[in-house]
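Subject: Structure handover

Hello,

Here is the structure for you to look over. My notes on it follow below.

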Amino acid sequence: MQETLGILLYAPWIYVIVAASILLDVFVPLLPSGALVVTAATVAAGAAADVAGLPGPGSADPRLPHLLVLVLCATSASIVGDLLAYRLALRGGRRFDSAIARSRRLSAAHKRLESALVRGGGPLVVLARFAPAGRAVVSLGAGVAQRRTRDFLPWSALAAVVWTGYSVGIGYLGGQLLGASWFSTGLSMVALIAAGAVAVRLLRRAPAKGAAATSTAAPTA
């Protein structure tokens, strides 16, 4: 099983799988995009060569995932997904608002994050990227609330960069230090989940910042 997974992750189309998962998980938060990014980053460390019997990090074999390509792929897919969700919600706000209301998980997350964003403004979009269902709530909520693109997109892009950097970083570090194994991947996933737990806690404790909230929540002219 582990050898099969290692071989699959060396294929060039791993980038397509990662991009598609990240692009779609703004609409389907249950997709394991974080797990895919972390696992792909572990393989990119080159440590999985021993598992799959493939060349090590010094090789120019094209099957090896390239770390920079993985970062660019994940970041771009995150930004495009956020913008797509925002635009769709901007045009069909009532429909998406009803969809959020029908989901108990999204509805609960929406109430918590909307309150936090009103108190803390734009920077909390970055924290929300790590929180469960936070990305969907922020992107769809920004469209439903008719927030301006210039107020939403820069923070969304920053959130994508931070989330990708953290996810790729912990996966790569785990692969370098512990080798390509379920243990190292599992520890990296624990670190990603821990970041989500910390994000939720910080969102709940976010201080009031009236000026930032006013700017972020301003409607489209």
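First, the lining of the largest pocket: its residues divide into 15 nonpolar, four polar and four charged.

Two notes on conventions. This is a predicted model, in which local features need pLDDT of at least 70 and side-chain atom pairs count only at pLDDT 80 or more, while totals for chains, interfaces and linings use all residues. Residues are numbered from 1 along each chain as its sequence is written, and side-chain values use heavy atoms, with hydrogens and water left out.

The pocket

The largest pocket has a volume of about 480 Å³. A pocket here is an open set of points on a 1 Å grid over the protein atoms alone, with protein on both sides within 12 Å along at least five of seven lines. Its volume is the space filled by probe spheres set on the points, which are joined across faces, edges and corners; the probe is 1.4 Å. Lining residues have an atom within 4 Å of a point. There are 23 of them, and Pro29, Gly34, Phe130, Ala131 and Pro132 lie nearest the centre.

Helices H3 (33-44), H9 (134-144) and H11 (182-204) each supply at least two lining residues. H11 gives the largest share, five residues. Helices are DSSP runs (H or I, at least four residues), numbered from the N terminus.

Helix H9 and its arginine

H9 is largely enclosed by the rest of the structure, because ten of its eleven residues are buried. Buried means under 20% relative accessible area, exposed over 50%, and partly exposed in between (1.4 Å probe, protein chains only). Among the buried residues of H9 are Gly134, Arg135, Ala136 and Val137. After H9 comes glutamine 146, with a positive phi near 60 degrees.

Which side chains does arginine 135 meet in salt bridges? One is aspartate 25, at 2.2 Å, N to O. Arginine 135 lies in H9 and aspartate 25 in the loop between H2 (14-24) and H3, so this pair ties together parts that are 110 residues apart in sequence. The other is aspartate 82, at 2.5 Å, N to O. Aspartate 82 lies in helix H5, so that pair ties together parts 53 residues apart in sequence. A salt bridge is a side-chain nitrogen of Lys or Arg within 4 Å of a carboxyl oxygen of Asp or Glu.

Arginine 135 is buried at 6% relative accessible area, and aspartate 25 at 9%. Aspartate 82 is buried too. Shared partners join Asp25, Asp82 and Arg135 into one network.

The count comes to three salt bridges. Aspartate 151 and arginine 148 also pair, at 2.7 Å, N to O. Aspartate 151 is buried, at 13% relative accessibility.

The surface

Leu24, Phe27, Val28, Leu30, Leu31, Leu84 and Leu88 make a nonpolar surface patch of about 600 Å². Patch residues have over 30% relative accessible area and no salt bridge; nonpolar side chains are joined within 5 Å, like charges within 9 Å. Areas come from the Shrake-Rupley method with a 1.4 Å probe. Leucine 84 sits in H5 (residues 67-91). It is partly exposed, at 39% relative accessible area.

Tryptophan 155 is in helix H10 (residues 149-178) and is partly exposed, at 28% relative accessibility. Its C-alpha atom is 10.0 Å from that of isoleucine 79, 76 residues apart along the chain.

Best wishes

Note on methods
Ala, Val, Leu, Ile, Met, Phe, Trp, Tyr, Cys and Pro count as nonpolar, Asp, Glu, Lys and Arg as charged, and the others, Gly among them, as polar.
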